[in-house]
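Hi,

Here is the structure I promised to pass on to you.

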Amino acid sequence: MKILVCITHVPDTTSKIQFTANNTKFDTAGVQFIIGPYDDYALARAVELRDQTGGTLTAINVGEVETEPTLRKSLAIGADDAIRVNSFPKDSFFVAKQIAHYAKEGGYDLILMGRESIDFNGGMVHGMVGELLGMPSFSPVMKLEVEGTTVKMAREIEGGKEMLEAKLPLIAGCQEPIAEWKIPNMRGIMSARTKPLKVVEPVTDETQAAASSYQLPPAKGSVKLIDKDNVAELVKLLKNEAKVL
Amino acid sequence: MSILVYIEHAEGKVKKTSLEAVSFANKLTAQTGEGDVIAVALGTVDSAELASVGKAGAAKVLHADDSRLTDGVIQAHASAVAQAFTAIGTKTLVLAKSSLGDAVAARLAIKLNAGLVSNVVELPNTSNGYVVKRSIYTGKAFAETTITTDNKILAVKKNAVDLKTDGGDATVEKLSVNLSDSDFASKIITTERATGEILLPEADIVVSGGRGLKGPENWGMIEDLAKTLGAATGCSKPVSDIGWRPHHEHVGQTGVKVAPTLYVAVGISGAIQHLAGVNSSKCIVVINKDPEAPFFKAADYGIVGDAFEVIPKLTEALKAEL
């Protein structure tokens with residue numbers, strides 16, 4: 001089985017979010033970048049499936065040169081080779097077009113990625129790639145088993161889940177508890193240095209809904225503390241001041 | 001020009017988040033001064049229930065009454081909504097952000113060659129282009145996004161607009177859609193859904209517990225408080241990781257993101273990953289015995305005290321007041 005896993009390069013979940021250049025650019029100063037947490041689940045499951053069924057696992061990222069350490073980390077975790085589409089990921093449509101092109105070229109049976117990136121939270125790329133390639137797409141997938149050409153999945157819905165069956169090839173946006181995150185070992189880190197990482201150019205420049213400027217939410221006022229022996233006061237405030245009851 | 005709204009239903013009821021999407025579209029037609037809101041509903045659901053979508057501002061509901069569509073088969077729903085979009089000759093589709101909505105909207109973006117923006121928090125600004133404000137970085141920031149295509153899809157975040165409830169009944173019209181076997185190539189075998197409970201992602205009030213509660217046997221008081229408030233219950237990541245509560249109750253960066261009007265956090269310290277899941281709440285109440293808990297910095301109201309003392313008292317006080 002040929003598996004493709006799509007990796008985002010995103011700020012660590014504890015990062016302070018700030019913008020520069022008159023609020024048109026994300027401020028990367030002091031920010032640690034990681035594999036998107038949801039992509040990390042997809043990658044972990046992809047490694048397990050590759051090990052179970054044989055075949056190959058390719059990681060792909062749409063990003064400029066600074067994303068390479070993140071892509072190398074996916075090689076250290078277990079991907080066999082990697083593709084970097086050399087461009088800033090301008091919007092979901094742009095990213096989906098690049099992935100669809102290289103996915104088609106590679107003839108993958110299974111394409112996994114996170115349910116969403118944790119920077120833009122769109123959660124759209126898997127569905128777009130699915131429609132572009134004429135493959136079914138599923139998200140958010142919390143369990144995925146492959147038996148021959150049949151794929152059994154659990155997809156999270158509001159307040160529960162649905163159990164699904166579909167045929168390869170397909171695309172899934174993944175989330176926990178599909179697999180446990182894998183931490184690269186020393187052998188993985190050493191071998192990642194020499195695994196192939198191919199840099200390719202974007203196949204189109206087309207965008208449909210790119211961000212033009214950013215804002216931070218207004219600063220939160222300070223908390224109003226209520227004495228623990230006077231909880232009735234809290235009820236009054238919620239009712240009359242906050243008007244949320 | 002009319003606006004199409006894709007509405008979802010579960011257990012015979014149109015989802016409240018879908019009604020919010022209808023309210024959003026209604027405000028959008030008022031802003032542009034033209035057209036009606038036309039909703040599209042798929043699968044088996046009562047006509048009277050669909051007519052009531054008028055209260056939220058829909059003039060008409062197109063109903064593809066095909067029982068195969070009652071379950072949310074993603075490919076089939078995308079095909080059916082695309083046909084409704086073309087049939088009424090609109091350029092704008094609005095829907096509520098949801099598990100199914102997101103999956104369907106992404107495919108529709110390609111089918112309809114429509115610029116898609118998710119997590120929309122305000123009506124678009126059309127004074128210079130078509131600029132949509134969306135929530136990004138899990139609620140920690142916003143982006144102004146310009147849609148450059150003729151066709152547009154807006155996936156609206158909860159609480160983007162107030163729910164409209166004063167409209168009249170909508171007319172319900174049957175919609176026939178052509179669906180192929182390939183639309184149903186994937187099969188939903190079973191669906192498990194908590195019934196009779198208020199669903200966490202859609203709740204107006206959420207009460208969450210953390211490790212401060214010391215064990216799953218102490219959740220009774222959280223449930224009592226939630227019941228009194230008509231709230232859904234949630235929990236922090238450590239609590240679901242150690243199995244005190246089910247995974248679908250995990251609120252946070254990698255769990256459910258909630259946007260209720262009132263969020264009550266009990267015994268949760270307020271790690272940044274938890275805050276990411278709740279920062280769209282209108283009002284946050286934090287109850288924690290540690291006055292240094294970081295959650296207090298993100299709260300509107302706080303009580304420094306032992307949950308085991310405060311929560312039963314708070315529940316009693318609420319019962320007396322509500």
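Predicted model: local features only at pLDDT ≥ 70, side-chain atom pairs only at ≥ 80, totals over all residues.

**Domains of chain B**

Where the two touch, domain 1 of chain B brings 10 residues and domain 2 of chain B brings 8 residues. What sort of residues does domain 1 of chain B use on that side? There are 5 polar and 5 charged ones, and no nonpolar ones.

There is also a UniProt annotation, from an unreviewed entry, that covers residues 3-188 of chain B and reads "Electron transfer flavoprotein alpha/beta-subunit N-terminal". That span is 27% helix and 31% strand, and its end C-alpha atoms lie 30 Å apart.

**A sheet with strands from both chains**

Next, find the open sheet of 6 strands, which runs in the order β15(A)-β17(B)-β16(B)-β15(B)-β13(B)-β14(B) with parallel pairing. As a reminder, strands of a sheet pair through backbone hydrogen bonds, either parallel or antiparallel. Which strands stand at the edges? They are β15 (224-225) of chain A and β14 (232-235) of chain B; each has a single partner strand, so one side of each has no neighbour in the sheet.

Helix α5 of chain B, residues 220-229, packs on this sheet and touches β13 (205-209), β14 and β15 of chain B. The helix direction makes about 175 degrees with that of β13(B).

For one pair in detail, look at β15 (residues 262-266) and β16 (residues 283-288) of chain B, which pair in the parallel sense over 5 bridges. B:Val266 stands opposite B:Ile287 there.

**A hairpin in chain B**

For an antiparallel pair, go to β8 (residues 131-136) and β9 (residues 141-147) of chain B, joined over 6 bridges. B:Ile136 has B:Ala141 in β9(B) as its bridge partner. The two strands form a hairpin with 4 residues between them, and B:Tyr137 in the turn has a positive phi of about 45 degrees. Is β8(B) mostly covered or mostly open? It is mostly covered, with 5 of its 6 residues buried.

Chain A has two cis peptide bonds to look at. One runs from A:Leu168 to A:Pro169, with omega near -5 degrees. A:Pro169 sits in the loop between β11 (160-167) and β12 (170-174) of chain A. The other runs from A:Glu176 to A:Pro177, with omega near 0 degrees, and A:Pro177 is in the loop between β12 and α5 (186-192) of chain A.

Then come two residues with positive phi. A:Ala21 is not a glycine, yet its phi is positive, about 50 degrees. You'll find A:Ala21 in the loop between β3 (19-20) and β4 (25-26) of chain A. Why does A:Ala21 count as exposed? Because a residue counts as exposed with 12 or fewer other C-beta atoms within 10 Å of its own, and A:Ala21 has 10.

B:Asn113, also not a glycine, has a positive phi of about 45 degrees. B:Asn113 lies in the loop between α4 (99-111) and β7 (114-120) of chain B. With 12 other C-beta atoms within 10 Å, B:Asn113 is exposed.

Cheers

How values were computed: Residues numbered from 1 in each chain as written. Chains lettered and ligands numbered in written order. Contact = placed C-beta atoms within 7 Å. Nonpolar A, V, L, I, M, F, W, Y, C, P; charged D, E, K, R; others polar. Pairing = 2+ DSSP bridges. Axes fitted to C-alpha atoms, helices over the stretch in contact; angles between N-to-C directions. UniProt positions renumbered as here; feature names shortened; annotations may be inferred. Buried ≥ 20, exposed ≤ 12 C-beta atoms within 10 Å, placed from the backbone.
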